[in-house]
Amino acid sequence: MPESRQNGLLGLDIQELSQLALRYGQPEYRAHQLFDAIYPQRQGSLDAISTLPRQFVSALKSEGVEIGLPTIEKRFQSTDGTIRYLLAMADGETVETVWMPEGDGGEAGDGSEAGDNDWQRATICVSSQVGCAVNCQFCLTALLGVKRNLSAGEIVGQVTAVLNDRNVDLERQRVNIVFMGMGEPFLNYGQFMKSVRLLVEGVGFPASRMTVSTSGIVPRIVDFGGEPVRPKLAISLNAPNDAVRTQIMPINRKWNLELLMQAAREFPLRNRERITFEYVLLNGVNDQPSQAREVVELVRGVRCKVNLIALNPGPGIGFATPAEENVRKFQTLLVEAGIPAFVRKPRGRDIYAACGQLKRTVA
Ligand code: SF4
């Protein structure tokens, strides 16, 4: 898998910035000035960092070094306040990042731009790869295949670019991050985890406000459980048994439900933490009452909740959205068996920003 090249300061941790300062004959504290400017202050250009001597800035720029924030190529605004961003990286590759405000301003519903500061809570959905190799049959991103991994800087850069565009003040406003955009984060594990550390130590997000979703890369779930600082875990389950799961998620051939559920049962949860199982309901495929009962048996023994998502339709996807009453019935069967289950409201369906719809659609 090709890696992205390191073309900016964004993505460097404090040790790497110290080495850089040293290389340019600068004292150690320059690394801290750079770190503060890049992460908590979210500066987009070296010229904006007033604490640095101009000579140092010129020396960096003469070698083509910049901060390296992705550029916003396009914004698609949904009637529900969701914004889908098409962001361009330094090599011209584009990924999608989605801003989902909730609250008064987030649900404008009349096609007008949601009030920038009316929202009470917001979530940023970030991508971890350009495209995706996992090939879930209900997902538009899968149609792209995978082009390359994103670097930690490109993952953090999505967050900072969107926060800057929305004028977010993290001291006052509550923002969550979900690693659920394009790509499988656990197939880009090193850069994904580095981005988590930079978001926590640098940008200022508590790890408890982040959730990563995996399609079930079992060895990485085990590694992830051992991380001292980590987001919450979501597993994209989507099926009640191996036959259905293999049909809609070919990754199940490699790590089947027995292996996946064993990893889930053994995952070291913190106090009051739960694993989220995501379950995309496909009409007539995995949405039957008998299948809800199978899911109950499958997740037994895991402290968890289930998020039900009625399929977000798209061209080239050979499945249909189930009727709302089937979704409700499925939810009721889980809840009656003592499993917290929630029906997720689709966000930004009209602009192809909803779950499984990210494929750089530009029309
Ligand atoms: S659902 Fe996630 S893991 Fe599956 S193909 Fe789409 S982006 Fe990849």
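Author: By class, 6 nonpolar, 1 polar and 5 charged residues make up the lining of the second largest pocket. The model is a predicted one. The residues that line this pocket are Ala310, Thr321, Pro322, Ala323, Glu324, Val327, Arg328, Val343, Arg344, Lys345, Pro346 and Arg349. Helix H10, residues 324-336, supplies the largest share of the lining, 3 residues. The volume of the second largest pocket is about 200 Å³.

The strand pairing involves S1, residues 71-77, and S2, residues 83-88, which run antiparallel to each other and are joined over 6 bridges. Within this pair, Tyr85 of S2 is the residue opposite Arg75. The two strands form a hairpin, with 5 residues between S1 and S2. In the turn, Gly81 has a positive phi of about 95 degrees.

Thr97 counts as buried because its relative accessibility is 0%, and the cut-off for buried is under 20%. Leaving aside residues up to four places away in sequence, Thr97 touches Ile83, Arg84, Tyr85, Leu87, Ile124, Cys125, Val126, Gln158 and Val162. Among these contacts of Thr97 is Tyr85, the residue of S2 that stands opposite Arg75. Gln158 is also one of the residues touched by Thr97, and the side chains of Thr97 and Gln158 make a polar contact at 2.9 Å.

Terms used: Residues are numbered from 1 along each chain as its sequence is written. This is a predicted model: local features need pLDDT of at least 70, side-chain atom pairs count only at pLDDT 80 or more; totals for chains, interfaces and linings use all residues. Side-chain values use heavy atoms; hydrogens and water are left out. Two strands pair if DSSP finds at least two bridges between them. Helices (H or I, at least four residues) and strands (E, at least two) are DSSP runs, numbered from the N terminus. Buried means under 20% relative accessible area, exposed over 50%, partly exposed in between (1.4 Å probe, protein chains only). A polar contact is a pair of N or O atoms within 3.5 Å; within protein, one must be able to donate a hydrogen and the other to accept it, and residues adjacent in sequence count only if both atoms are side-chain atoms. Contact means heavy atoms within 4.5 Å. On a 1 Å grid over the protein atoms alone, a cavity is a set of points where a 1.4 Å probe fits but cannot get out, and a pocket is an open set with protein on both sides within 12 Å along at least five of seven lines; lining residues have an atom within 4 Å of a point. Grid points are joined across faces, edges and corners, and a volume is the space filled by probe spheres set on the points. Ala, Val, Leu, Ile, Met, Phe, Trp, Tyr, Cys and Pro count as nonpolar, Asp, Glu, Lys and Arg as charged, and the others, Gly among them, as polar.
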